Amino acid sequence: MYSKSLHALLHGMKKSEQIQKATGDVIRELRKEKGLTQEKLAELSDLHVNYISYLERGLRQPTLTTLTDISEGLGIRLTDIVGKIEASIDK
């Protein structure tokens, strides 16, 4: 059996790219579950709407501080976001 990092490389995506994509997918999913627009989440998180868009499209990787701001904007715990990202990567 291949290690996760080798498995990712064999499938054409580096681990950092997997994490970036999974993070964006999770943020989008949670935002939509809460019925928020990108604009509203940006406002609640004190971030620029373009940055939220970049994150959701997997074009940027947030810092832990930014993920904390987003979790507060969503009204959930940071560990909930991180857990969903981890579960997405482990699929």
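Predicted model: local features only at pLDDT ≥ 70, side-chain atom pairs only at ≥ 80, totals over all residues.
**Figure 1. Glu56 and its two arginine partners, Arg28 and Arg31.** Side chains of opposite charge can pair when their charged atoms come close. The side chains of Glu56 and Arg28 meet in a salt bridge of 3.8 Å, N to O. This pair links distant parts of the chain, since Glu56 is in helix H4 and Arg28 in helix H2, 28 residues apart. Glu56 is buried, at 2% relative accessibility. A salt bridge of 2.5 Å, N to O, joins the side chains of Glu56 and Arg31. Arg31 lies in helix H2 and Glu56 in helix H4, so their pairing ties together parts 25 residues apart in sequence. Arg31 is buried, with a relative accessible area of 8%. Through shared partners, salt bridges join Lys21, Asp25, Arg28, Arg31 and Glu56 into one network.

**Figure 2. Thr23 in helix H2.** Thr23 is buried, with a relative accessible area of 4%. A polar atom of its side chain lies 2.7 Å from the backbone oxygen of Ile19. Leaving aside residues up to four places away in sequence, Thr23 touches Pro62, Leu67 and Ile85.

**Figure 3. The two sides of helix H3, residues 38–45.** Leu41, Ala42 and Ser45 are buried. These three are on the same side of H3, because they cover an arc of only 100° around the axis. Glu39 and Glu43, on the other side, are exposed. Helices H2, H4 and H5 are among the elements that cover the buried residues.

Key. Residues numbered from 1 in each chain as written. Heavy atoms only, no water. Buried < 20%, exposed > 50% of the residue type's maximum accessible area, 1.4 Å probe, protein only. Helix = DSSP H or I, 4+ residues; strand = E, 2+ residues; numbered from the N terminus. Arc of directions from axis to C-beta. Contact = heavy atoms within 4.5 Å. Polar contact = N/O pair within 3.5 Å; in protein donor to acceptor, adjacent residues only side chain to side chain. Salt bridge = Lys/Arg side-chain N within 4 Å of Asp/Glu carboxyl O.
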